[in-house]
Amino acid sequence: MPDDTDAARARQRTGTGIGILLVLVLGAALLIALPEDDGPGDAACRARTIASWRADDGLTGEFARYGDDPARTDDWTGGDGTHSVRLPDGRVLWLFSDTYLGRVHGPPNPVGESVAWRDATAPMVRNSAVLMRGGRLESTLPAPLFADPAPGRWRWPVAARVEPRSPGSAEQVVRVLLWVRTTGQAPWIYGVPAATEVATLSLPRLELESIVEVLDQSRVPDASRRVLFGTTLVARDGWTYVYGGDDGRPASRPASHAYLARVPRGALADPAAWEYWSGADWVPGARPRPVLGDGRRKGVGSAFSVVRDDGTYVLFTMATGAKGLTTVASYWACRPEGPWHGPAKEFSPPLPQGEVAAYNPQAHPVLSGGGRLVMSYDVNWLEITGAADRLSRNVSLYRPRFVTLRLAPPR
């Protein structure tokens, strides 16, 4: 399936957290023919859409097993913002944003429901990391992995990749993209976007070495036009392509915009090495221009996922409009910057009963292959008031769920 040789990937809401009000992209539509202005692209590029999908109960169940383990008292029991990266020794590092820790109790819960639960006083941290080996979750790194930079300011990890410490270096490190957000008022109840950072973790110990800021957005007056990068990464021809998005407000701009930067392999932690798509060329230090989004029927939320299938780039996000609470759709392109075609075929993954919604569809090429693509999505309550109590009363809700997709040319 996706052949990003240095793969590393990437939430939807007013950032990556438990909010669902800013639903991601798209709507129903047929794929359109490749226009003449696509220009040079990969010779293998052709339209791709979702041919079939099925629930991946094995992966979903593994996170339930780990989160419900009563022998653990201070590890991960639930989180969102699900991203993954494979380490050189074969382990998979899972990164999460808002995360619950603490002990989980077996059913019944305090109101008599036959579900596992946690105490309402259980701690929640802004980020966490969990290690998997051989398909089995093993341990949680000390959380939070990335400390808050200041009061009222926090970090959400998004996409990550293993790359050389510097271009040409034989030593490898893990680079993690971070979204910095600050406390805000409505409509920014889940935080105001502030900056993109890059953290460096050592290998194999995964110790935090440094965090550098690569793009400060705090001086952009309109917070809905601030761009955070790192929702997804694609490696190609010695470059890491870094996708990002703004936080368009639902009332005024129901579909947000996607943006793109690129960085030479090994240079993610060097702000001077970043180049941004200006609409016509790659420019250092320039205000990025959108690669996708018309603010209405087409666009993305601040979290989406892009993979490369043969010569075609495929983007996954939630549908625009009311279907965005339940439905995933896709776009395709022959180049990282587009033009992007779609929205294409949609599907609605399984959701638990109740007033809940899906968000943050993230592809996981590190677990994919043989013509199949693994994707996760997060689930949360639609009603914000009292959501934290509901998530503790039924711990199964606030955990990643997985599906397996197959892509094919449209029929």
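Q: Are D247 and R181 buried or exposed?
A: In this predicted model, D247 forms a salt bridge with R181, with the closest N and O atoms 2.7 Å apart. The cut-off for a buried residue is under 20% relative accessible area. By that criterion, both D247 and R181 are buried.

Q: How many residues apart in sequence are the parts that D247 and R181 tie together?
A: R181 belongs to strand β12, whereas D247 lies in the loop between β16 (239-245) and β17 (258-264). The salt bridge of D247 with R181 therefore ties together parts of the chain whose separation in sequence is 66 residues.

Q: What is the relative accessible area of E163?
A: The side chains of E163 and R175 meet in a salt bridge, at 2.5 Å from N to O. This pair links strand β11 (residues 153-164), which holds E163, to strand β12 (residues 172-182), which holds R175, the two residues being 12 apart. R175 counts as buried at 4% relative accessibility. E163 is also buried, and its relative accessible area is 0%.

Q: How many salt bridges does the count come to?
A: Side chains of opposite charge can pair when their charged atoms come close. The criterion is a side-chain nitrogen of Lys or Arg within 4 Å of a carboxyl oxygen of Asp or Glu. By this rule, the number of salt bridges is 18.

Q: Which element supplies the largest share of the largest nonpolar core?
A: The largest nonpolar core has 24 residues, and those with the most contacts inside it are F316, F347, M375 and L405. At least two residues each come from β21 (312-318), β23 (356-363), β24 (373-381), α2 (387-393) and β25 (401-408). The largest share, five residues, comes from β24.

Q: Which residues does L405 touch, not counting those up to four places away in sequence?
A: L405 is among the residues with the most contacts inside the largest nonpolar core. With residues up to four places away in sequence left out, L405 touches I50, S52, W53, F316, F347, G371, R372, L373 and M375.

Definitions and conventions. Residues are numbered from 1 along each chain as its sequence is written. This is a predicted model: local features need pLDDT of at least 70, side-chain atom pairs count only at pLDDT 80 or more; totals for chains, interfaces and linings use all residues. Side-chain values use heavy atoms; hydrogens and water are left out. A nonpolar core is a set of buried Ala, Val, Leu, Ile, Met, Phe, Trp, Tyr and Cys residues joined through side-chain atoms within 4.5 Å. Buried means under 20% relative accessible area, exposed over 50%, partly exposed in between (1.4 Å probe, protein chains only). Helices (H or I, at least four residues) and strands (E, at least two) are DSSP runs, numbered from the N terminus. Contact means heavy atoms within 4.5 Å.
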